[in-house]
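Subject: Structure handover

Hello,

Here is the structure I promised you. Please open it beside this email and follow along as you read.

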Amino acid sequence: MQTEDIAFTNSRGRRLAARLDRPDGAAHAFALFAHCFTCDKTSKAAVRISHALAELGVATLRFDFTGLGESEGQLSPFSSNVDDLLAAARHMERLGAAPALLIGAGLGGAAVLAAAGDIASAKAVATIGAPGDPAHVLK
């Protein structure tokens, strides 16, 4: 497995830090992982899932939402997480690695559910402990 540090810009011009975990051979598919509310791309869940997918031939991008981990900006409302996911998916597409699988943990999972309809390459969505509707959590 190979890990590559990547950065891209969101719609508000903030630099978001990411890592792309690739299998040793050619990737069969690409996935995008969204971490939980106060986690980052180095959380145990993000790393373990991303590495396991790489072993199965799926390259996975895991990134820090605005204001978390190594990404710029202030921690923002939930809607910015959705925007960040869309920016990540667009960046992956520019790299020739459009995500077919969207994965999210906690509020990252809720953001994945909210963004999935706007990511044309998405074929499947998986969530871990995600609220179906984040409204009650955001209060």
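Start with the largest nonpolar core, which has 27 residues. Keep in mind that this is a predicted model. Inside that core, the residues with the most contacts are F8, L32, L61, F63 and L85. Which elements each supply at least two residues of the core? They are the strands β1 (2-9), β2 (15-22), β3 (29-34) and β4 (58-63), together with the helices α2 (78-94) and α3 (107-115). The largest share comes from α2, with 7 residues.

Now the overall plan. The chain has 4 helices and 6 strands. Read along the sequence, they follow the pattern β-β-β-α-β-α-β-α-β-α.

How does the radius of gyration agree with that of a compact globule? For 139 residues, a compact globule would have a value near 14 Å. The chain has 13 Å, which agrees. Along the principal axes, the C-alpha atoms fill a box of roughly 45 × 30 × 30 Å.

Next, a few totals:

- Buried residues make up 46% of the 139 in the chain.
- Among contacts with a separation of 6 or more, 61% join residues 24 or more positions apart.
- The accessible surface is about 6,600 Å², and 52% of it belongs to carbon and sulfur atoms.
- There are 13 positive and 14 negative side chains, and the centres of the two sets lie 2 Å apart.

Then I went through single residues. For the contacts below, I left aside neighbours within four places in sequence.

L32 comes up again here. What is L32 in contact with? The partners are L61, F63, L85, A88, A89, M92, P99, L101, L102 and I103.

One of those partners is P99. P99 lies in the loop between α2 and β5 (101-105). Is P99 buried or exposed? P99 is buried, because its relative accessible area is 1% and the cut-off for buried is under 20%. The contacts of P99 are F30, A31, L32, A89, M92, I119, S121 and A122. Contrast that list with C36. P99 and C36 are 63 residues apart along the chain, and their C-alpha atoms are separated by 19 Å.

H91 lies in helix α2. With a relative accessibility of 13%, H91 counts as buried. Which residues does H91 contact? They are I6, A7 and F8. F8 was also named above, as one of the residues with the most contacts inside the largest core.

R62 sits in strand β4. Is this arginine buried or exposed? R62 counts as buried, at 3% relative accessibility. R62 is in contact with T3, A18, R19, D21, F33, K41, T42, A46, V47, S50 and H51. R62 and I49 are 13 residues apart in sequence, and 9.9 Å apart from C-alpha to C-alpha.

Now look at helix α3. Why is α3 described as largely enclosed by the rest of the structure? The reason is that 7 of its 9 residues are buried. Those are L107, G108, G109, A110, A111, V112 and A115.

Take A111, which lies in α3. Its relative accessibility is 0%, so A111 counts as buried. A111 and G132 are 21 residues apart in sequence, yet their C-alpha atoms are 9.7 Å apart in space.

G108 is another buried residue of α3. The C-alpha atoms of G108 and P131 are separated by 9.5 Å, and the two are 23 residues apart along the chain. P131 is in the loop between β6 (124-128) and α4 (135-138). P131 is buried too, with a relative accessible area of 16%.

Then move to P99 in its loop. Finish at α3, where 7 of the 9 residues are buried.

Best wishes

Technical notes: Residues are numbered from 1 along each chain as its sequence is written. This is a predicted model: local features need pLDDT of at least 70, side-chain atom pairs count only at pLDDT 80 or more; totals for chains, interfaces and linings use all residues. Side-chain values use heavy atoms; hydrogens and water are left out. The radius of gyration is taken over C-alpha atoms; the globule rule is 2.2 Å times the number of residues to the power 0.38. Buried means under 20% relative accessible area, exposed over 50%, partly exposed in between (1.4 Å probe, protein chains only). Contact means heavy atoms within 4.5 Å. Accessible areas come from the Shrake-Rupley method with a 1.4 Å probe; for residues, only the protein chains shown count as cover. Lys and Arg count as positive and Asp and Glu as negative; His and the chain ends are not counted. The place of a charge is taken as NZ of Lys, CZ of Arg, CG of Asp or CD of Glu. A nonpolar core is a set of buried Ala, Val, Leu, Ile, Met, Phe, Trp, Tyr and Cys residues joined through side-chain atoms within 4.5 Å.
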